[in-house]
Amino acid sequence: MTRIIQISDTHIVPHGQLAYGQVDTAAALADCVDTINRNLPVIGPVDMVFVAGDLTDFGSAEEYQRFRALMEPLDLPYRAIPGNHDNIDVMRACFADQSWMPTDGPINWNVHFDDVVLIGLDSSVSEAAHGHLNDATLLYLTTVLNALNGKPTIVTIHHPPILTGIEKMDIQNLRDSMELKEILSNYEGELRLTCGHIHRNIVAPFGDVICQIAPSVSHAVTMDLREGAPNCLTKEPGGFLLHEFRGGIISHHIAVGDYPGPFRFYPDK
Ligand SMILES: [Fe+2]
Ligand SMILES: [Fe+2]
C-alpha cells in the first residue's frame with residue numbers, strides 16, 4: 001500500500017528571526033519532522049514526503065539551506081514544489097543535487113509508486129502572491145496523465161483553484177483554473193488534487209475531483225469568514241496529511257507535536 005505524507009507552508013526564515021515577528025517556524029518544522037519519525041512505527045511504512053510549497057518565507061539561499069538542515073533528520077525521502085513565498089531560481093540552485101529537481105523551467109515532477117502516481121506542479125508567479133499554471137506546466141500535466149492509463153493519481157499544486165471563504169487568501173488563489181478543471185475532470189481514473197497556501201485543512205469539490213488543502217506544519221491563517229476580515233495568522237497546532245491508497249485515496253490529518261496518549265478507552269479491551 002502506497003503511503004505519502006504531505007507537509008506544507010513551512011515558511012523557514014533566516015537564523016535568529018521569527019516569521020512575521022511572531023512565529024518560530026524552524027521549531028515547528030523540527031517538531032513536524034520529529035512527529036513523523038516518531039509516528040512511523042504505527043502509521044508506516046511511508047514511501048515519501050512532499051512539501052506543497054512556501055518552504056521559505058523570502059526565498060533566500062540561507063532559508064533553503066536552513067530548511068534542508070531541518071529536514072535532515074527525516075527518515076524518509078522528500079521532494080517539493082514551490083509556493084508564492086519561494087524563489088524558483090534560488091530553490092532550484094539549493095536542490096540542484098536532487099534528481100527530482102528540473103534543470104530549468106517550472107519545478108514540475110512526477111513519481112510512480114506501486115498503486116498511485118504523484119504529480120507536483122509549479123504554480124508560482126515571480127513577484128506575485130497569486131498562482132498560475134503556465135502553458136508548459138499544463139502540457140506537462142496532460143502528457144503525464146495521458147500515459148497513466150487511469151492509474152490512481154495525486155496532483156499537488158501550492159495554490160488552490162477554489163474559493164475558501166477566507167477573503168484575503170481567496171484573492172491570491174490559482175487564476176485561470178478552468179483548463180485545469182477540464183484536464184483533471186476528464187481523467188479516467190481516481191484523481192485527488194492537493195494544495196497548500198491556505199494553512200488550513202479544507203476539502204472542497206473542484207469539477208469532478210476532490211480538492212484537499214493541507215494545513216501548515218506551523219501557523220494557521222486565521223479562521224475568519226467575515227467580509228473584509230483582516231489578514232491574520234493564528235498560532236494553532238500545526239498539522240500534516242497522510243495520503244494512503246486503501247482501495248481509494250484517503251487522507252488523514254495528523255497534528256504536529258507530542259500529546260498525551262494513547263489511552264485505552266476501556267482497560268479490559
Ligand atoms: Fe504559506
Ligand atoms: Fe502560499
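## Aromatic pairs

There are five aromatic pairs in this predicted model, where rings of Phe, Tyr and Trp (its six-membered ring) pair if their centres lie within 6.5 Å; planes under 30 degrees apart count as stacked, over 60 as edge-to-face and the rest as tilted. One of them joins tyrosine 64 and phenylalanine 95 edge-to-face, with 6.4 Å centre to centre and 80° between the planes. This pair links distant parts of the chain, 31 residues apart: tyrosine 64 belongs to helix H2 (residues 61–71), and phenylalanine 95 to the loop between helix H3 (88–94) and strand S4 (109–112). Helices (H or I, at least four residues) and strands (E, at least two) are DSSP runs, numbered from the N terminus. Tyrosine 64 counts as buried because its relative accessible area is 0%, the cut-offs being under 20% for buried, over 50% for exposed and partly exposed in between (1.4 Å probe, protein chains only). Phenylalanine 95 is buried too, at 0% relative accessibility.

Phenylalanine 95 also forms an edge-to-face pair with tyrosine 78, at 6.5 Å centre to centre and 90° between the planes. Here, too, distant parts of the chain are linked: tyrosine 78 is in strand S3 (residues 78–80), 17 residues apart from phenylalanine 95 in the loop between H3 and S4. Tyr64, Phe67, Tyr78, Phe95 and Trp100 make up one aromatic cluster.

## A charge over a ring

Arginine 79 sits over the face of tryptophan 109, 5.0 Å from the ring centre. The rule asks for NZ of Lys or CZ of Arg within 6 Å of the ring centre and within 35 degrees of the ring normal.

## The iron site

Aspartate 54 bridges the iron ion (ligand 1) and the iron ion (ligand 2), which lie 3.5 Å apart. Aspartate 9 and histidine 199 are both buried.

## Conventions

Residues are numbered from 1 along each chain as its sequence is written, while chains are lettered from A and ligands numbered from 1 in the order in which they are written. In this predicted model local features need pLDDT of at least 70, side-chain atom pairs count only at pLDDT 80 or more, and totals for chains, interfaces and linings use all residues, while side-chain values use heavy atoms, with hydrogens and water left out.

How values were computed:
Donors = N, O, S within 2.8 Å, 3.2 Å for Na, K, Ca; no water.
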